Amino acid sequence: MADALLHPDDTLAATGAATAARSVIVKLEGIRKSFNVGEPNETEVLHGIDLSLAMGDFCAVMGPSGSGKSTLLNIVGLLDRPTSGRLWIAGQETTSLDESALTRLRGHAIGFVFQYHHLITAFTALENVMLPMLGARGFPSAQITRRAALLLDLVGLTPWRDHPAGRLSGGQQQRVAIARALAMGPNLLLADEPTGNLDTQSADAVFSLLRHACSEQGTTILFVTHNPALAARCDHVVRVVDGRLLA
Ligand code: ADP
């Protein structure tokens with residue numbers, strides 16, 4: 001199964017397998033973020049974050065509401081830019097990249113799972129997982145279907161692959177979202193409270209699945225959670241308090 005789930009881009013997969021045994025996938029150096037820059041209400045919410053994650057690291061991010069976790073995740077996910085500092089994703093320094101280069105890097109290197117799954121509820125589970133791959137050029141449809149089916153198998157949803165996503169349980173929908181996030185074979189998966197909306201048992205199952213699916217693919221994970229029991233099962237825990245990182 002692991003072989004069949006290698007990165008859809010064979011070149012990247014080969015490079016990754018050969019060189020990235022413990023290569024650094026995420027590196028932040030002195031990252032600061034201010035909102036409303038130049039306005040009277042300018043506020044700095046991240047005050048110089050340093051963080052380094054290697055391939056396959058599973059890192060929990062905890063911290064009180066308003067401490068800067070989502071801001072940090074948005075910056076690492078290349079959805080927002082830091083005000084200063086440097087950020088490397090999969091070996092690429094990102095702060096000097098233009099918007100189209102950031103979009104390309106985000107598309108092939110980063111997967112996202114959110115508290116609310118953002119699936120297309122009228123589409124089947126399989127179709128939802130296929131979606132991110134349809135935009136990638138030179139990817140024949142049979143391969144897309146095969147890969148989506150393998151990913152759904154990895155998250156234990158083969159019997160539900162042709163069911164509309166809207167008819168699945170919350171835990172099953174989150175599994176589809178994980179399979180979809182892994183579709184492009186990302187180096188990094190950013191999960192913002194993916195279990196926050198689930199009952200304890202489903203949260204536990206989704207967490208275990210995330211851990212298993214990512215270790216199959218060697219994916220690095222940054223996992224925001226308020227759940228200390230789940231954080232304790234991660235390789236590292238960092239705390240964001242008032243815009244600063246405590247290990
Ligand atoms: P957390 O995810 O830990 O709850 P956030 O990263 O959402 O925290 O927010 C950190 C701080 O940044 C909060 O004080 C919030 O009000 C502020 N903030 C977040 N986004 C913006 C924005 N777009 N404009 C202004 N302030 C913001």
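In helix α5, the residues R147, L151 and L154 meet L209, H212, A213, E216 and Q217 of helix α7, where contact means heavy atoms within 4.5 Å. The model is predicted, so local features need pLDDT of at least 70 and side-chain atom pairs count only at pLDDT 80 or more, while totals for chains, interfaces and linings use all residues. Residues are numbered from 1 along each chain as its sequence is written, and side-chain values use heavy atoms, with hydrogens and water left out.

Helix α5 spans residues 141-154 and helix α7 spans residues 200-217; the two pack at an angle of about 130 degrees, with axes 10 Å apart. This angle makes α5 oblique to α7. By class, their contact holds 4 nonpolar, 2 polar and 2 charged residues.

Attention now turns to the ligand. Around the ligand lie F35, V45, P64, S65, G66, S67, G68, K69, S70 and T71, each with a heavy atom within 4 Å of it. This shell divides into 3 nonpolar, 6 polar and 1 charged residues, with Gly counted among the polar ones. Helix α2 (residues 69-76) gives the most to the shell, with 3 residues.

Polar contacts are pairs of N or O atoms within 3.5 Å. An oxygen atom of the ligand sits 2.6 Å from an N or O atom in the side chain of T71. Backbone atoms take part too: a ligand oxygen is 2.8 Å from a polar backbone atom of S70, and a ligand oxygen is 3.1 Å from a polar backbone atom of S67. Taken alone, the ligand exposes 560 Å², and the protein buries 56% of that, with areas from the Shrake-Rupley method using a 1.4 Å probe.

Methods. A polar contact is a pair of N or O atoms within 3.5 Å; within protein, one must be able to donate a hydrogen and the other to accept it, and residues adjacent in sequence count only if both atoms are side-chain atoms. Helices (H or I, at least four residues) and strands (E, at least two) are DSSP runs, numbered from the N terminus. Axes are lines fitted to C-alpha atoms, for helices over the stretch in contact, and angles run from 0 to 180 degrees between N-to-C directions. Angles under 35 degrees count as roughly parallel, over 145 as roughly antiparallel, 65 to 115 as roughly perpendicular and the rest as oblique.
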